[in-house]
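Hi there,

Here is the structure I promised to pass on to you. Please open it next to this message and follow along as you read.

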Protein chains: 2
Amino acid sequence: MIETPYLLFLGDAPDMLAAKVAIGIRDWRPDNAIGQIGLEGCGADLGLTEMTLEQGLEAGAKTLVIGVANRGGYISAAWKEVLVRALELGYDIASGLHNLLRDEGELVAAAQMHGRTLHDVRVPTVAYPIATGVKRSGKRCLAVGTDCSVGKMYTALAMDTVMQERGMKSSFRATGQTGILITGQGVPLDAVIADFMAGAVEYLTPDNDPDHWDMIEGQGSLFHVSYSGVTMALVHGGQPDALILCHEPTREHMRGLPGFSLPSLEALRDTAITLAKVSNPDVKVVGISVNTQHLSEDEAVSYLAEVEARMGLPAVDPYRHGAGRLVDALDAI
Amino acid sequence: MIETPYLLFLGDAPDMLAAKVAIGIRDWRPDNAIGQIGLEGCGADLGLTEMTLEQGLEAGAKTLVIGVANRGGYISAAWKEVLVRALELGYDIASGLHNLLRDEGELVAAAQMHGRTLHDVRVPTVAYPIATGVKRSGKRCLAVGTDCSVGKMYTALAMDTVMQERGMKSSFRATGQTGILITGQGVPLDAVIADFMAGAVEYLTPDNDPDHWDMIEGQGSLFHVSYSGVTMALVHGGQPDALILCHEPTREHMRGLPGFSLPSLEALRDTAITLAKVSNPDVKVVGISVNTQHLSEDEAVSYLAEVEARMGLPAVDPYRHGAGRLVDALDAI
């Protein structure tokens, strides 16, 4: 559990693309984002108040979050200077970078000296159990995709936000480093030992109120040969009551796998529901979330109408048109 | 890679059930099993020559293999005495126990002093890559089960043995600790980090001669909610050309999961082939392997005939009736 709120560290990010984590926090947990701090030459601006470390502390920040992903996940000397100073001043630090904070001697020493915590959210900190499959109380929704990176996290976060606005009981359950940094907790599923993957998902989504929904962040795809095992653990460990199908219609091949074409939404529906029924015979596919960012508004509207008619399920782009209709569908089961 | 041949350490195993690993080595790689060594009160006897450590060395043994699984995977003081002496004499030691050799200070010290190697086969020693899905040369066969522990390893080993006898090119590819100890190499798949599972299977089954078969040891089951992610990685990373369905007809529920009934062979066939086609569109289900140990001979013959007629595929118990017909089926595709 990472202490909130955060000061968002943008480093020397060349542009906004590099600041994906910080943008996620600003957009989805604005209360967690007290301000931003960049280095000389930083090309990213979240529109938050630019603060010194001292100003961040005064504003109440508890943790300095590395909000950027640089090439190679490298922690430079210029970064380290700021990070060590932050630890001295009393910040914890949280990072999803490939290179770990805990492998940097200066940071470890400063954290020890000042009694602060280094959070490497890529690394599991819990000894997860083997999954039992025992039915849990409360309800769970899982986003599954035709491919990786088609908007599964976005969909779950957008639906969770609508549910909060409507006064429904829901929790976004993060399974990747960006999601964990956004919410301050979760399971870095792709770094869990194989035998404990499904158990980690059970751990993440425990018994809850009968009318509470866990909105589980999906990972990978049942059709992506590199990561399908991780997705399978979510389908079985998550014990979902509802599945949302996620798709990006302009993708020419599976991400990182030239020569592998994407499955149809029908194939995803049939495969996902068959597998999900093993852990929950009552599971239903309730809606479709399409990432239409590469389509014009007209193209998007017409594509969504075609999918909705063909599949007999609400089909929306939650970014363009809101997640309300997906939540309606969830609420109806 | 563990140096062969082995002297098999039976410790104080109360009975033969506890000596599963040693039995596997004796049955499947008899050339690797130079002899056996037990402690006072050992109730297991493999029928191999009982040897002292010194006699084992004279007979050519290179590695002392822990051939027993005791409750909790504990390495006792009495065991340690023998193991330290073995290292002093020049043996490597290999173990699949839950408690690791490398965590025992005395063993580590003795191995260092005498330049010997401790093999904990539960622990991956390779930084496996992310799977690429790129088509590999050679052919691959994967055993998939309706449940865990239904005879998948046995089936692959039995088929591999028949193939060797027939002069076919084949390699048994171990994915669990017993298989790794039997053959001296493999991937401990259930201990691999989630993101690298499918890549580990690709690594295990590289390019090969066009007429060479990798006989891949299966793990878990697509229908076992605790371990299905591991199975999925085998289905996609293994890129199988042929699938063998494995089943144990008297099992009342999924292993370790009361309340979860086993899928039908039809459900396994349909789910496995659908998923396997993602990595290899030409994959075929070629046969069925039934573990009939809890049936009488008459019951077994009649059950196999019924399954064969119903499924339209050769159905055999390789232990009772040999794996020849399964190899015929493999050879025909």
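Predicted model: local features only at pLDDT ≥ 70, side-chain atom pairs only at ≥ 80, totals over all residues.

**Where the chains meet**

The size of an interface is often given as the accessible area lost when the parts come together. Here, chain B and chain A bury about 2,600 Å² between them, and carbon and sulfur atoms give 65% of that area. On the chain B side, B:Asp195, B:Val225 and B:Val278 supply 19% of the area that this chain buries against chain A, more than any other three residues. Each chain brings 32 residues to the contact.

The largest share, six residues, comes from H8(B). Sorted by class, this side of chain B has 20 nonpolar, 10 polar and two charged residues.

Now turn to helix H4 (residues 105-114) of chain A, where A:Leu107, A:Ala110 and A:Ala111 are buried. Why do they lie on the same side of H4(A)? Because they cover an arc of only 100° around the axis. These buried residues pack against helix H3 (77-89) and strand S5 (118-120) of chain A. The face turned away from the buried side of H4(A) carries the exposed residues A:Gly105, A:Gln112 and A:Met113. Just after H4(A), A:Gly115 takes a positive phi of about 65°.

**Charged pairs**

Side chains of opposite charge can pair when their charged atoms come close. Over all chains, the whole structure has 42 salt bridges.

- A:Glu54 and A:Arg85 meet at 3.2 Å, N to O. The pair links helix H2 and helix H3 of chain A, 31 residues apart. A:Glu54 is partly exposed at 34% relative accessibility, and A:Arg85 is partly exposed at 36%.
- A:Asp214 and A:Arg173 have their closest N and O atoms 2.6 Å apart. They join strand S8 to strand S7 of chain A, and both residues are buried.
- B:Lys80 and B:Glu104 form a salt bridge at 2.8 Å. B:Lys80 sits in helix H3 of chain B, and B:Glu104 in the loop between strand S4 and helix H4. Both are buried.

Enjoy exploring!

How values were computed: Residues numbered from 1 in each chain as written. Chains lettered and ligands numbered in written order. Heavy atoms only, no water. Contact = heavy atoms within 4.5 Å. Buried area = accessible area lost by both parts, 1.4 Å probe. Helix = DSSP H or I, 4+ residues; strand = E, 2+ residues; numbered from the N terminus. Nonpolar A, V, L, I, M, F, W, Y, C, P; charged D, E, K, R; others polar. Buried < 20%, exposed > 50% of the residue type's maximum accessible area, 1.4 Å probe, protein only. Arc of directions from axis to C-beta. Salt bridge = Lys/Arg side-chain N within 4 Å of Asp/Glu carboxyl O.
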